[in-house]
Amino acid sequence: MKALPSTQTLSETLHEIRLDDYVARHSDPEPPVLRELRHRANLNLVYPRMVSGHLQGRLLKMLVRMIRPRQILEIGTFAAYATICMAEALPEEARITTIEVDEELESFIEKSLTDAGVRDRVELVIADAEQLLQELDLSSYDLVYLDANKRQYPLYYELLMAGLPSGAFILADNTLWGGKVPDPELHDPQTDGIRAFNTLVADDDRVEKVLLPVRDGLTLIHKR
């Protein structure tokens, strides 16, 4: 039988739930189309927890509103929740190129983008991100949202830094990876990939950076 949580653990959990609810109620509400997207993901996708949540989605929209990029590159589309959030705030004539390796997600993504009314602002590319990044001219992108294979984050980072212009931003998701990265005893490939990425960015004087403890960790990186 699974042990019951301690009183302290239960108290902490209740506090976190209340805090999350408070934050959600004092932020912009989640648009109905995104609530429906999450519902469809829970019914149809294998790992629905990978969908960006309400708070992170509103944060991504706000960051795009502030940065005002002309071209966004998204690496890892999944259900297109984050894609839609960023597209909501795109300046006129700005566009998103989003890369997804799993071709089985294509119809789900297409429906998500169409339902949200942003299909005309997004170019969906079904391809391997590592290969495409070596072929793509990155000089026109001023914002990158990185949310793909965690093992490959260090490689993605080096490829991006080699091609992005000065002044570009990288937003890297999952950089706390369930709180595993500070634990030196944990060494699964995903945790090691994120840990190596975090160290690489922290030691890189080509960039300014800050790791935010939002949801599963979001690192904001600015190329000097």
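Helices are DSSP runs of at least four residues, numbered from the N terminus. In this predicted model, Val23 is found in helix 1. Its relative accessibility is 31%, so Val23 counts as partly exposed. Val23 belongs to a nonpolar patch on the surface that also includes Leu19, Tyr22 and Leu55. Together, these residues have about 350 Å² of accessible area. Helix 1, which spans residues 7-25, gives the most to the patch, with three residues.

Charged side chains were examined next. Side chains of opposite charge can pair when their charged atoms come close. The structure holds ten salt bridges. In one of them, the side chains of Glu88 and Arg58 meet at 2.6 Å, N to O. This pair links distant parts of the chain, with Glu88 in helix 4 (residues 81-88) and Arg58 in helix 3 (residues 54-67), 30 residues apart. Glu88 has a relative accessible area of 26% and is therefore partly exposed. Arg58 counts as buried because its relative accessibility is 11%, under the cut-off of 20%. Arg58 and Glu88 are also linked with Lys61 in a network of salt bridges.

Lys111 is partly exposed, with a relative accessible area of 38%, and Asp115 is partly exposed at 42%. The side chains of Asp147 and Lys150 also meet in a salt bridge, at 2.8 Å, N to O. Both Asp147 and Lys150 are buried.

Conventions:
Residues numbered from 1 in each chain as written. Predicted model: local features only at pLDDT ≥ 70, side-chain atom pairs only at ≥ 80, totals over all residues. Heavy atoms only, no water. Patch = residues over 30% accessible without salt bridge, like charges linked within 9 Å, V, L, I, M, F, W, Y side chains within 5 Å. Areas by Shrake-Rupley, 256 points an atom, 1.4 Å probe, with all protein chains shown as cover. Salt bridge = Lys/Arg side-chain N within 4 Å of Asp/Glu carboxyl O. Helix = DSSP H or I, 4+ residues; strand = E, 2+ residues; numbered from the N terminus. Buried < 20%, exposed > 50% of the residue type's maximum accessible area, 1.4 Å probe, protein only.
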